[in-house]
Amino acid sequence: MKLSDFDFDLPERLIATRPARPRSAARMLVAEGGAISDAHVYQLPDWLRPGDRLVLNDTRVIPARLSGLRHRSGEAGETAARIEVTLLEPAAQGGCWQALLKPLKKVRDGEAITFGDGFSATVVSRGEGRAVLEFNLTGEDFDAALERAGAMPLPPYIAARRAADAQDKTDYQTVWARSPGAVAAPTASLHFDDALLAALEARGVTFSHVTLHVGAGTFLPVKVEDVTTHKMHAEWGEVSAQAAQEIAQTREGGGRVIPVGTTALRLIETAARETGRIAPWRGETDIFIYPGFRFRVTDALITNFHLPKSTLLMLVAALMGRDTIARIYDHAVAHGYRFFSYGDASLLIPAPESDSSR
């Protein structure tokens, strides 16, 4: 299984830099078995059945991108230089965060970085392309300061085209976000608004919330030609006892379990790895799903359109089959679907007979 098996040509004009408005106005490709249909997200209730359960990732994206001044004392006196910081995850020591610094090579241990309004950090250590920062605030004070000073950590393919702005603090957050900790959004969930949730509930669709704090590693490229040797980044997640029970009852009752987004899918499949059945789970997962994977819980998936040669493209190929995904993506490109985090959606429903051969 080669990395080149998951490549395709994507015109740059199809990379979305802003979401559809309203959220549920985005287009939605529906692939059920071998058939492909064109629809919109607001029509999702027409494609789901009473008794289906959507699994929603309730992580909340923090405004993890900071612009600050690095301060240094030397022969020239006190000097300052601009530095960009992207928070990745809390470090082992309390009050500290692992972060990407740009430019990292010009930073020294012990230097202070100020972000204004009494908010600052000290460089504790550097290594492996990142640094550990100790902030002067913790707890709710840290959260409030970060909310004031930080910007949403837009994916590289958007950030290269425009800077994050105030609108992204709404656009790049799900309507059900409640557990802070992600530095990237579970983007399939961005298509949902209150009106769509109400329509789904009226249809008899139920919901379960899980938490997976999406990390910046989700954007890391695969660098090995033999994809089976790729090492996934780890992300913290939790499937509560209530969510596990709800999902199990749906399956027992003949309903379909449909994660909204690859993050929710990876988490529930992690929670079912040991016994083959969904169970409460909490910890870090580095599950890597590629063709040949046996799905234990997932019956279908709502997801966006993914990067060429990405682990997420490998995941949907595992669910639908490589040939089917190739046809789906050919259709999406030919019909002008918008790609990536702010792009359009797909509802992927594999043929039941293909379950054992994915």
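Guide: A residue counts as buried when its relative accessible area is under 20%, and as exposed when that area is over 50%. The model considered here is a predicted one. With a relative accessible area of 1%, Ala31 is therefore buried. Ala31 belongs to strand E1. Leaving aside residues up to four places away in sequence, Ala31 touches Met320, Ile328, Leu347, Leu348 and Ile349. The C-alpha atom of Ala31 is also separated by 8.9 Å from that of Thr324, although the two residues are 293 residues apart along the chain.

The aromatic residues may be taken next. Rings are paired when their centres lie within 6.5 Å, and the count comes to 18 aromatic pairs. In one of them, the rings of Phe8 and Phe339 have centres 6.0 Å apart and planes at 40 degrees, so this pair is tilted. Phe8 is in the segment before strand E1 (27-32), while Phe339 is in the loop between helix H9 (322-334) and strand E17 (345-349); the pair therefore ties together parts that are 331 residues apart in sequence. Phe8 has 16% relative accessibility and so counts as buried. Phe339, at 0% relative accessibility, counts as buried too.

A second example is the pair of Trp97 and Phe142, which is stacked, with 5.8 Å from centre to centre and 20 degrees between the planes. Trp97 lies in strand E7 (residues 96-102) and Phe142 in helix H2 (residues 139-149), so parts 45 residues apart in sequence are tied together by this pair. Both Trp97 and Phe142 are buried.

Phe8 and Phe339 also belong to one aromatic cluster, together with Tyr157, Phe305, Tyr329, Tyr337 and Phe340. Over the ring of Tyr337 sits the charged end of Arg27, 3.9 Å from the ring centre.

Rolling a probe the size of a water molecule over the atoms shows where empty space is left. The count comes to 2 cavities of 30 Å³ or more. The largest cavity holds about 70 Å³ of space. Its lining consists of Pro19, Ala20, Arg23, Ala26, Leu190, His191, Arg338, Ser341, Tyr342 and Gly343. By class, 5 residues of this lining are nonpolar, 3 are polar and 2 are charged.

In the second largest cavity there is about 30 Å³ of space. The residues lining this second cavity are Met232, Arg266, Ile287, Phe288, Ile289, Thr311, Leu312 and Leu315. Helix H8 (residues 311-320) gives the most to that lining, with 3 residues. The lining divides into 6 nonpolar residues, 1 polar and 1 charged.

Finally, the second largest pocket contains about 460 Å³ of space. It is lined by 32 residues, of which Tyr157, Thr218, Phe219, His306 and Leu312 are the closest to its centre. Helix H7 (262-270), strand E16 (301-304) and H8 each supply at least two residues of the pocket lining, and H7 gives the most, with 3 residues. By class, the pocket lining comprises 17 nonpolar, 12 polar and 3 charged residues.

Key
Residues numbered from 1 in each chain as written. Predicted model: local features only at pLDDT ≥ 70, side-chain atom pairs only at ≥ 80, totals over all residues. Heavy atoms only, no water. Phe/Tyr/Trp six-rings, centres within 6.5 Å; stacked < 30°, edge-to-face > 60°. Helix = DSSP H or I, 4+ residues; strand = E, 2+ residues; numbered from the N terminus. Buried < 20%, exposed > 50% of the residue type's maximum accessible area, 1.4 Å probe, protein only. Lys NZ or Arg CZ within 6 Å of the ring centre and 35° of its normal. 1 Å grid on protein atoms, 1.4 Å probe; cavity = no way out; pocket = protein on both sides within 12 Å on 5 of 7 lines; lining within 4 Å. Points joined across faces, edges and corners; volume = space filled by probe spheres on them. Nonpolar A, V, L, I, M, F, W, Y, C, P; charged D, E, K, R; others polar. Contact = heavy atoms within 4.5 Å.
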